[in-house]
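Hi,

Here is the model I promised to pass on. Have a look at it first, and then read my notes below.

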Amino acid sequence: MARGTKKRIVSTDPAVIIHDANELRELVECFQAEGKTVVMANGAFDLLHVGHVRCLRDAKSRGDYLIVAVNSDASVKKYKNPKLPIQGIDDRMEILASLRWVDYIVSFDEVTCDAILETVKPDIVAKGTDYTEETVPERETIEGFGGKIVIVGDAKDHATSKLIQRIRRLKM
């Protein structure tokens, strides 16, 4: 969705898609004031696979609320491949919203999610097992606002790129 045409809040079952990071920040502040723990995970989530599900389920187990920050289409093109994503941002967000572990979803346009992390300031930032705490690109930002990094999910045995390669080899 182009800037300026974003809907304010779209309610889905069960997650809520929020298009304004400042509104999300207000919600997070309320949750934190109640003593709740807010976890944020991020990624492209182009072709949802079991690795994504395990990562998000583990991330949710670390707190009371799980926010998923999703790379916009332009962001995916910049940091992954100009031919991606396969599915547009609205579809990817709707699919994620259907997962019972996900409470809120927001998109971001940058290559890393530093800006949205700085705005929202979750208690915990969950990253997949393809990272270590030392290699998380947003590490300085997270440490700057006092957040904690956790590594979640199973071993990196699943990847969207592997799925795409496998589909390309199929003879239909």
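What kind of unit do β3, helix α2 and β4 make? The answer is a right-handed β-α-β unit; a crossover gets that label if, with the strands pointing away from the viewer, the path from the first strand over the helix to the second runs clockwise. Helices (H or I, at least four residues) and strands (E, at least two) are DSSP runs, numbered from the N terminus.

Some housekeeping before the rest. Keep in mind that this is a predicted model, in which local features need pLDDT of at least 70 and side-chain atom pairs count only at pLDDT 80 or more, while totals for chains, interfaces and linings use all residues. Residues are numbered from 1 along each chain as its sequence is written, and side-chain values use heavy atoms, with hydrogens and water left out.

**The strands**

β3 (residues 38–43) and β4 run parallel and are joined by six bridges, with V38 partnered by Y65 in β4. Two strands count as paired if DSSP finds at least two bridges between them. On from there, β4 pairs with β5 (residues 104–108), again in the parallel sense, over five bridges; N71 has F108 in β5 as its bridge partner. β4 itself (residues 65–71) is mostly covered, with six of its seven residues buried. Buried here means under 20% relative accessible area, exposed means over 50%, and partly exposed is in between (1.4 Å probe, protein chains only).

β3 also runs parallel to β6, through three bridges, and V39 stands opposite I124 in β6. Then β6 and β7 pair in the parallel sense over five bridges, and V125 sits opposite I149 in β7. Helix α6 (residues 139–144) goes with these two strands: β6, α6 and β7 make a right-handed β-α-β unit.

β6 is worth a look by itself. Five of its five residues are buried, so the rest of the structure largely encloses it. I124, A126 and G128 point one way, V125 and K127 point the other way, and all are buried. In a regular strand, side chains alternate between the two faces of the sheet.

**Helix α2 and the cores**

Is α2 (residues 50–60) largely enclosed or left open? It is largely enclosed by the rest of the structure, because eight of its eleven residues are buried. Those are G51, H52, V53, C55, L56, D58, A59 and K60.

L56 turns up again in the largest nonpolar core, which has 24 residues; L56, L66, V68, L96, V102 and I105 touch the most other members. β3, α2, β4, α4 (89–97), β6 (124–128) and β7 (148–152) each supply at least two residues of this core. Apart from it lies another core, of 21 residues, among them L24, V106, I116 and I149. A nonpolar core is a set of buried Ala, Val, Leu, Ile, Met, Phe, Trp, Tyr and Cys residues joined through side-chain atoms within 4.5 Å.

V102 is a handy place to start in the viewer: leaving aside neighbours within four places in sequence, it is in contact (heavy atoms within 4.5 Å) with P14, A15, L56, L66, V68 and L96.

The largest pocket holds about 880 Å³ of space. Of the 41 residues that line it, H52, Y79, K80, D130 and K156 are the closest to its centre. β3, α2, α3, β6 and α7 (160–169) are the elements that give two or more residues to the lining, and α7 has the largest share, with five residues.

Most residues other than glycine have a negative phi, and most peptide bonds are trans. Here are the places to check:

- The L84 to P85 peptide bond is cis, with omega near 0°; P85 is in the loop between α3 and α4.
- F45, in the loop between β3 and α2, has a positive phi of about 50° although it is not a glycine. At 9% relative accessibility, F45 counts as buried.
- K121, in the loop between α5 (114–120) and β6, has a positive phi of about 55° and is not a glycine either. With 28% relative accessibility, K121 counts as partly exposed.

Cheers

Key: On a 1 Å grid over the protein atoms alone, a cavity is a set of points where a 1.4 Å probe fits but cannot get out, and a pocket is an open set with protein on both sides within 12 Å along at least five of seven lines; lining residues have an atom within 4 Å of a point. Grid points are joined across faces, edges and corners, and a volume is the space filled by probe spheres set on the points.
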